[in-house]
Amino acid sequence: MRKIVFVFLIIAVLAVIGGYTFLEFRVNEIFFVTDRTETWAFGKEMVVRRLYNSGVDIDAFFDKTEQSLITAEFTEDELYAAALISGTPEFYPAFYFSTYNPESGKDIFEFSAMLRQEFAPNQTDFDFTKVNLRVEVMTDAPVISNVELRPEDPSQKNLATPVISADGRSMAVDLSGVSGYSLTLTGTGRVTFQYTYDIATSRLIPSMALEEQLLIVHANISRGPNGEFSVEYINEPYSSLEEFFY
């Protein structure tokens, strides 16, 4: 009898371990569906929220969205609503941009960025996270200086060191463990922010879901006739390096 109970316990333990292992390694296949942008503060601040869904009929969705872009049938909000119901929302990273001019008489601008993972409408699970996140900043004239990184964990000390070119017009940095960053821009012109990242499960044993994701945003900084500065943010229609190069 004891042997039977012992064997039963072993089987039960193996079943629990097997079930846990299956759930741990099972990854829903996710797809990039759409970006949603929002601006405020007279256009000087913007956020790009990226929606990744599982259970998407990719061919049908892209046929519909491409046709809508051709016919101008849908607004961005309508496309976003269609994207939300095209599958199950799984991942919703948000990239925030803010440009501030402390002294209106000088072309010195303080830029700051935040990196967040938010919940999309009707999203119930939080199974994915950004990994290998990196940003490259390039300008056509403004000079970059005073780069500061804000850690996700205030006690974290070992953040990457930004690499700035000799002319101050490009910068690159690994954003692992970073919740945001800030920098100073001297001069007006176009500033391009290029984020690359992978997406992995946020479980005990991470598994890669998508690689070489790409977000490119331009910030065109200028001054009007009255001396007031303005920012025009442009979100490029690329979600991956593959789309960008091909």
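How many aromatic pairs does a search of the whole structure find? The search finds 15. Keep in mind that this is a predicted model.

Let me start with Phe 97. Phe 97 pairs with Phe 111. The pair is tilted, with 6.2 Å from centre to centre and 50° between the planes. It links distant parts of the chain. Phe 97 lies in strand β4, residues 93–100. Phe 111 lies in strand β5, residues 108–117.

Phe 97 has another partner, Tyr 233. This pair is tilted too: 6.2 Å centre to centre, 45° between the planes. Again, distant parts of the chain are linked. Tyr 233 sits in strand β13, residues 229–235, and is 136 residues apart from Phe 97 in strand β4.

Why does Phe 97 count as buried? Because its relative accessibility is 1%, and the cut-off for buried is under 20%. Tyr 233 has a relative accessible area of 11%, so Tyr 233 is buried as well.

Next, step back to the cluster. Which residues form one aromatic cluster? On the Phe side, we have Phe 95, Phe 97, Phe 111 and Phe 193. On the Tyr side, we have Tyr 181, Tyr 195, Tyr 197 and Tyr 233.

Last topic: charges over rings. Lys 44 places its charged end over the ring of Phe 229, 4.9 Å from the ring centre. Arg 116 does likewise with Tyr 96. There, the charged end is 5.2 Å from the centre of the ring.

Notes: Residues are numbered from 1 along each chain as its sequence is written. This is a predicted model: local features need pLDDT of at least 70, side-chain atom pairs count only at pLDDT 80 or more; totals for chains, interfaces and linings use all residues. Side-chain values use heavy atoms; hydrogens and water are left out. Rings of Phe, Tyr and Trp (its six-membered ring) pair if their centres lie within 6.5 Å; planes under 30 degrees apart count as stacked, over 60 as edge-to-face and the rest as tilted. Helices (H or I, at least four residues) and strands (E, at least two) are DSSP runs, numbered from the N terminus. Buried means under 20% relative accessible area, exposed over 50%, partly exposed in between (1.4 Å probe, protein chains only). A charge sits over a ring if NZ of Lys or CZ of Arg is within 6 Å of the ring centre and within 35 degrees of the ring normal.
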